[in-house]
Amino acid sequence: MNQNIQEPIFLHDTQTGGKVELRTIESGKVGIYCCGPTVYGLTHLGNTRAAVVPDVIVRFLRHQGYEVKYVRNLTDIDDKIITLGREEGIESAAVAEKFINAYHEDLAGLNMVQPDVEPRVSEHIPHILELVGTLIDKGLAYEVDGDVYYRVRRFKTYGKLSHRSLDEMLEGAGSRIEVDERKESPLDFALWKSVKPGEPSWESPWGPGRPGWHIECSAMSSTHLGDSFDIHCGGRDLIFPHHENEIAQSQGAHGVDSFARFWVHNGFINFDGEKMSKSLGNFFTTRQITALYDTETVRYFLLTVHYRSGLNFELEVTCPACGGLLNKTEQDSGLCPSCGNQATVEELKGRVRFPGLEEADDRLAYIYSTLAKARTFLSTAKRPGNEDPVLDSVAEMVSGFVAHLRNDFNTGGALGVLSKPLGEINGLLASGKGVGKATRWLTIESFVSGMEELAGIFGCFGQDPETWLRSRRDGKAARNGLDIQRVEALLVERQEVRAAKNWEAADRIREELTDLGVGVQDGPEGSNWSFL
RNA sequence: GGCGGCAUAGCCAAGUGGCUAAGGCGACGGUCUGCAAAAUCGUUAUCCCCAGUUCGACUCUGGGUGCCGCCUCCA
């Protein structure tokens, strides 16, 4: 880890719309606030991406020597939580608790760093009341019948983050939603909502009620990071109105120069070319995915693309009879156009594949198997006495990776840096031809230690390779209903006929294994198997 | 309608005012192998269209086209 911060880091800031150098309020320290989930359901892949992105940022900044305070909130008071509680006949606090636990469970598998603080709205009611009071005192908010609204027109820079003007917004306002006539302006938003029957409420100077959306983040960020802090993260869809309103609240209460200096917004996960979202209903929960793929694979997948880009999540369904790809209508009907097979819904479910995850899984397996072989090599081959230089691609691996992250946390570019060293290492492992003994050993060692360092930043590649590979294979076997004992027995049998150079029999057994979906790799030390 | 973003090979996806436009998947060819597989090596693009700025643009500016997002809850 670098003790001194030397190289500048650039990041894209939504407010200025361009790439800027990260200059923190206090040298060597970073305060990050990440908008966490509203806990009214299981987190989907998009929510998970919004957590993985700041996770890598935090890890990277720490690697670069920054002292980071990472705050990620939980919104546990919200209309949807209340509605859900009412539907299910349970306290809304219990609903929140249930989904907070689920959120933690889902993230735990994805190797996330713990936030330093994970504040909840319900714990910050006094701060919220104080903030609302300040805004009223300053003339930036007003009370109507127990509700408190923010007086948007009084906040001169409203719209700066989302790049829109009050007038533009006023034109559009009212066309899509009903306007509450009690508000001074249609754009004014609620800071405090008076209680309605059957809702949870807290006492306030304006009567019992609960906080509006937006205000909680202003309260929690100032409580834990101060009135001004460095980076504010969240999904692109929070830019307006959520983050715009946070700015209005916080700067309104604490002064124009306060609040976040840099705004980092991640792109969406797209499914079928459209944003994956709870309101559209076209989402996959994180646990649906982690039931099918290794959690580290999911994490890797989420980081294969730059965080500001959309990430396509694709689904493939093949015909159970002929293996042909089915399009959307064929997936619904189950009728295969090429072979005429009529598949049942259950059969089709077993034919669902996610190519992006599949690819990520294979890539990760390639990386881990390289690491496994490299470690075996280092533990069996003797360390040379002389110190020859290691191969360039490996020597430059960590710095190249880091350089990409310094450029707006470009994880996709960073991963590309690994390809060359991986190829060279596999080459060195296969043969020592053309390189000196010392170079060979030291290059492999340098690769292994480099990957360990990168694992700290990336949150992948850090497990024991053999363990990861084994659990991946076992997991797949279980999901595919593969009888491992049978596979092993066939391998033993094949080993015997191969020893007798009975190639015909060996090939026959291999075909049998192929039918089971198993591929065989023959090597000098016996045969290995993997999924095709 | 307003605002914002994107457009790079068969697919996914980095990137830069001028050096061979990363990388992955796929495909094809070689090495390795009993044959395969795995691994490895090689091949596989001139960057949506038009105009401009420039000695030079895929990269900057203007216009167009297409896609997406936000403007209502949303990561």
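Helix H1 (residues 45-63) has 19 residues and reaches 26 Å from its first C-alpha to its last, close to the 27 Å expected at 1.5 Å a residue. The expected span is 1.5 Å times one less than the number of residues. Helices (H or I, at least four residues) and strands (E, at least two) are DSSP runs, numbered from the N terminus. This is a predicted model: local features need pLDDT of at least 70, side-chain atom pairs count only at pLDDT 80 or more, and totals for chains, interfaces and linings use all residues. Residues are numbered from 1 along each chain as its sequence is written, chains are lettered from A and ligands numbered from 1 in the order in which they are written, and side-chain values use heavy atoms, without hydrogens and water.

**Helix H1**
- Of the 19 residues of H1, 17 are buried, so the rest of the structure largely encloses H1.
- Buried means under 20% relative accessible area, exposed over 50%, partly exposed in between (1.4 Å probe, protein chains only).

**Salt bridges**
- The structure holds 31 salt bridges.
- Each is a side-chain nitrogen of Lys or Arg within 4 Å of a carboxyl oxygen of Asp or Glu.
- Arg210 pairs with Glu199 in a salt bridge, with the closest N and O atoms 3.2 Å apart.
- Both Arg210 and Glu199 are buried.
- A network of salt bridges links Asp79, Lys193, Glu199 and Arg210.
- Glu26 and Lys29 also form a salt bridge (3.5 Å, N to O).
- Glu26 is partly exposed at 46% relative accessible area, and Lys29 is partly exposed at 32%.
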